[in-house]
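Let's take a friendly walk through this model together. Have the sequence and the coordinates at hand as you read.

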Amino acid sequence: MSALLQVQDLVVRLGRDAPAVVDGVSFELAAGEALGLVGESGSGKSQTALAVLGLSPRGARVEGRIVFDGRPLLGLSERALARVRGRRIGAVFQNPLASLDPHLRIGTQLREVLAVHRVATGAAARAECLRLLDAVRIADAPRVLRQYPHELSGGQCQRAAIAIALACRPQLLLADEPTTALDVTTQAQLLDLLRQLRRELGLALLLISHDLGVVAELCERVLVMRAGAVVEQGSVAQLRAAPRAAYTAALLAAHDG
Amino acid sequence: MSASAPLRLGASAWIALGLLLLIALAVVVGPWLSPHAPDAIDFAAEWGSAPDRRHWFGTDSLGRDVFARTLAGGRVSLLVGLVATVVAVLVGLAYGALAGYLGGRVDQWMMRAVDVLYALPFMFIVILLMVAFGRELILIFVAIGLVNWLDMARIVRGQTLTLRTRGFVLAAQLYGMPAAAVLRRHIVPNLAATVVAYATLTVPQVILIESFLSFLGLGVTEPAVSWGSLIDDGARDMEVTPWALAFPTAFLTVTLLCLNLLGERLRDAVQRT
């Protein structure tokens, strides 16, 4: 099975002479697979994700190889990159309220994505919006389309953000702490949703979280990161049964306790 | 910042807003209704007469109606305040948003340029401009606008830097939305509240600069008047006709006070959300 996403020796510096925040990270993600990336804050997991998306902060140095579906992404022009990642990689970010523009209605934001990629316009766009909201299990979709983000709950916002991420029917969904800001029950519902979406759409998932429990819910394989490097990887079961790195054991202990 | 949250400013800000609207209305409509032209000498009245029923604010030492002159001066002062602020906001918004959004080295250079401009003695340059090109009203707009966009550029840049890391901006970039579209659609609208609040604070600054220039005799020229030039005139004859100094000064002071109060309340309201 050839990998959908292949990352080799990824090094990210946030300035020319700055220390590496991501230091030699390598991993592979097969189509339809779910991979978890865990680590404490500052371990470089979010910078890894941003580098994969080509959204590293300006001035950052990114080295190594990132190959998506056989095409190397690093070094591509902005425009060529937009064609690959925008259509085929979707992303959901940390804070559900921050991932939506506060001054635009949900419907407007969804239609905007559809328009940028010329998926659908006019009446077809409206139908597509309703279909997307339906796909993320938002009840009363026609009303939600007319609402602003602050009129929705945190869970609904994050569902809407996922709907936007799915608008271009991506093969890979990258979720950076998608449930962190939500309460426990909403979190469980959202994880359920992600699991169902994976099954229905055959999505590959790269899930980033500090919470090993969340990752274990969804992912077959886990990468444990610390200080910019991968300290351990393996299946969730393996990790639980016999954590090789002391850091993984500490993370596990923190979660169970 | 939610789109429809009620604006909580407090009673004082609403009173200030009411007073400002009243002054603006008087200044715009007043000169049309007043029987006296601002530059006409009333030979029937005693020169330098105290306020009475014929001349509400009295006449100045040349026999011109102070009420009509105060309102006419207000037109110029408020107009300069608004136009120069619009110039400052447009330039500052475009510059700051671009610097903040592009980031990196471009941002560094753009903001160093602002630092350099900050360091120049602006009042001095404005005075030189006035001397070199004559005292055109348009030049006053341009000169004052040029001074004031710097603050706006810094504020807008700071806000843009934080907006740029927000999920919806990252998402828009990810979908391949062109930079210009991201700026227009997602960055600028979300800066609106901040910009409006600081623009309200820019207006009184601008009015004050214009008044100061006019007071120095570098602003508007007769027969045009502004509050600054009226205060200058009034101060010359203040032993004889104190009302010619008092009324323009009162109008200027109340206007500046109200604008500052309103601006500060707006800024606080924006920062709360």
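## A strand pair in chain A

In which sense, parallel or antiparallel, do strand β3 and strand β9 of chain A pair? The model is a predicted one, and in it β3 (residues 34–38) and β9 (residues 221–226) of chain A run in the parallel sense, paired over four bridges. Within β9(A), V222(A) is the bridge partner of G36(A).

## The sheet around the pair

Both strands belong to an open sheet of six strands in chain A, whose order is β6-β7-β8-β3-β9-β10 and whose pairing is mixed. Its edges are β6 (89–92) and β10 (229–235) of chain A, each of which pairs on one side only. From one strand to the next, the twist averages 15°.

Helix α1 (residues 45–53) of chain A lies across β3, β6, β7, β8 and β9 of that chain. Relative to β7(A), this helix runs at about 145°.

In soluble globular proteins, nonpolar side chains tend to be buried together. Here the largest nonpolar core has 146 residues, and A163(A), L174(A) and L206(A) have the most contacts inside it. Helix α2 (residues 66–102) of chain B supplies the largest share of this core, 17 residues.

Take a look at L206(A): leaving out residues up to four places away in sequence, L206(A) touches L29(A), L35(A), L37(A), A49(A), L172(A) and L174(A).

## A helix in chain B

Helix α5 of chain B covers residues 137–164. With 28 residues at 1.5 Å a residue, α5(B) should span 40 Å, so the 39 Å between its end C-alpha atoms agrees. α5(B) also bends by about 30° at N148(B).

Definitions and conventions. Residues numbered from 1 in each chain as written. Chains lettered and ligands numbered in written order. Predicted model: local features only at pLDDT ≥ 70, side-chain atom pairs only at ≥ 80, totals over all residues. Helix = DSSP H or I, 4+ residues; strand = E, 2+ residues; numbered from the N terminus. Expected span 1.5 Å × (residues − 1). Bend = angle between axes of the 7 residues up to and from the residue. Pairing = 2+ DSSP bridges. Axes fitted to C-alpha atoms, helices over the stretch in contact; angles between N-to-C directions. Contact = placed C-beta atoms within 7 Å. Core = buried A, V, L, I, M, F, W, Y, C linked by C-beta atoms within 7 Å. Buried ≥ 20, exposed ≤ 12 C-beta atoms within 10 Å, placed from the backbone.
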